[in-house]
Amino acid sequence: MARAISKTGVIRAAGTMSGTSLDGVDVAIVETDGQQIFGFGPSHYRGYTDAERAVLLAALGKWSGPEVDAATSVVDEAHQQVLQQLLQDAPEVELVGFHGQTLAHAPRLQGTLQVGDGAGLAEAISRPVVWDFRSDDVAMGGEGAPLAPFFHFACAKYIGAEAPVAFLNLGGVGNITYVDPRYDRPENPGALLAFDTGPANAPVNDLMQARLGLAMDKGGAVARAGTVETGALELFLAEPYFTRMPPKSLDRNDFSEMIDLVRELSDADAAATLTGMCAAAVVQGVEHCPQMPQKILVTGGGRLNPVLMEMLQVALDCPVVPIEEVGLDGDMLEAQAFAHLAVRVVRGLPTSAPATTGVSACVGGGVLSVSTKT
Ligand SMILES: Nc1ncnc2c1ncn2[C@@H]1O[C@H](COP(=O)(O)OP(=O)(O)OP(=O)(O)O)[C@@H](O)[C@H]1O
Ligand SMILES: CC(=O)N[C@H]1[C@@H]2OC[C@@H](O2)[C@@H](O)[C@@H]1O[C@H](C)C(=O)O
């Protein structure tokens, strides 16, 4: 017999995220009724091994075939392991939101692909699992991303924001959510505006890997020694993506040719220029906001890069701070988002809106798979 999910009240849900940086799987617990956040629980992280990362990298940009099957197995195994670990600490978890790993994203063409078998996961951990969060949005004309905005709205209420704030996620790709907390619900027109700002850390990571055999520019040390090459920056900003009105979204490798713009530069200048491009894309993005947010709360690994944070602070006319400043967890926010969204799905609440993904009407995506075990 399947475990029933309570129809009202607070649910202790776990959410997972395997992001575009391909570093590993985050899992985190949120206590929520799908609208309000009541608290946060423990979290875990399970890194991918080099061999696993190579399997995922080989499948990036592919829609089917043996590479995708191999990547799916890696994703399934890593998620089962990290969730089994979490459930030892928190057996009371009632529901799991399983994002999976995005391998390809072209919402207006082939669609969007997040691999991972939610039905298999539900059996493996004996919990109901909500997964495939993005397909319904894309089917209704949306970008399928970003999806964290409805959670950001709840976070803005949780931290007691009274004026518009922005959540800026700097992972492999950057995305921003403008939240006006004076509205009651995230689906109210005017409450949210969200979109991907541009590439964030992925190009710098790719540069570090190709030139120095490093996974990232830790602490921005390489960029700190260099100078931004303005000609390359201007060419980058001439990309039509930046003048396109939001909502809009990107695939990890949509800007992979950026690396050509810095090919002739020294390591330090190339790193500084790619970091400057990430910052400039965010600055362009902030201009799309209805008004300057009172604060920009930065989440994701980019908040740990002081060079990037300084570039943002110099260019933007409002405080740009790590999200820890308001008591939230910048490493786990995306995993927490999918816990919250899973609860919204089982409660029949929408997970995206025209202002967050460009979808034709509010939609509650996601597939619910229930374990057959008691
Ligand atoms: N100490 C650090 N210094 C500089 N950069 C860092 C540091 N820590 C993390 N990063 C950057 O942040 C990246 C990881 O960010 P994050 O975990 O938010 O990505 P993700 O969740 O995989 O991506 P996305 O949100 O696009 O799915 C690293 O690959 C690196 O580029
Ligand atoms: C298609 C896809 O997986 N997009 C991711 C990616 O990583 C960051 C950015 O691009 C964002 O749009 C999204 O993830 C976050 C969690 C989101 O949906 O809100």
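This is a predicted model: local features need pLDDT of at least 70, side-chain atom pairs count only at pLDDT 80 or more; totals for chains, interfaces and linings use all residues.
Let's start with the big picture. Where the two touch, 31 residues come from domain 1 and 31 residues from domain 2.

Which elements give two or more residues to the side of domain 1 that touches domain 2? They are S4, helix H12 (333-346) and helix H13 (354-357). H12 gives the most, with seven residues. Sort the residues on this side of domain 1 by class and you get 13 nonpolar, 15 polar and three charged.

## Around ligand 2

Now for ligand 2, which has 16 residues around it. The ones that come nearest are Thr102, Ala145, Pro146, Ala148 and Val173. Strand S4 (95-106) and strand S8 (173-179) are the elements that each put two or more residues into this shell.

Both domains take part here: domain 1 and domain 2 each supply at least three residues to the shell. As for its make-up, the shell has nine polar, five nonpolar and two charged residues.

## A five-stranded sheet

S8 turns up again in an open sheet of five strands, ordered S9-S8-S7-S10-S11, with mixed pairing. If you ignore direction, neighbouring strands are turned by 25 degrees against each other on average.

How do S8 and S9 run relative to each other, parallel or antiparallel? They run antiparallel, and seven bridges join them. You can look for Asn175, which stands opposite Asp196 in S9. There's a helix on this sheet too: H5 (residues 149-158) packs there and touches strand S7 (165-170), S8 and S9. The direction of H5 makes about 50 degrees with that of S8.

Finally, have a look at helix H2 (residues 66-89) and helix H3 (residues 118-125), which pack at an angle of about 35 degrees. Their axes are 10 Å apart, and H2 passes H3 in a right-handed crossing.

On the H2 side, the contact is made by Asp76, His79, Gln80, Leu83, Gln84 and Leu87. H3 answers with Gly120, Leu121, Ala124 and Ile125. Taken by class, the residues of this contact are five nonpolar, four polar and one charged.

Notes
Residues are numbered from 1 along each chain as its sequence is written. Chains are lettered from A and ligands numbered from 1 in the order in which they are written. Axes are lines fitted to C-alpha atoms, for helices over the stretch in contact, and angles run from 0 to 180 degrees between N-to-C directions. Helices (H or I, at least four residues) and strands (E, at least two) are DSSP runs, numbered from the N terminus. A crossing is left-handed if the near helix is turned anticlockwise from the far one by less than a right angle, and right-handed if clockwise. Two residues are in contact if their C-beta atoms, placed from the backbone, lie within 7 Å. Ala, Val, Leu, Ile, Met, Phe, Trp, Tyr, Cys and Pro count as nonpolar, Asp, Glu, Lys and Arg as charged, and the others, Gly among them, as polar. A residue is near a molecule or strand if its C-beta atom, placed from the backbone, lies within 6 Å of it. Domain bounds come from an automatic or database domain assignment. Two strands pair if DSSP finds at least two bridges between them.
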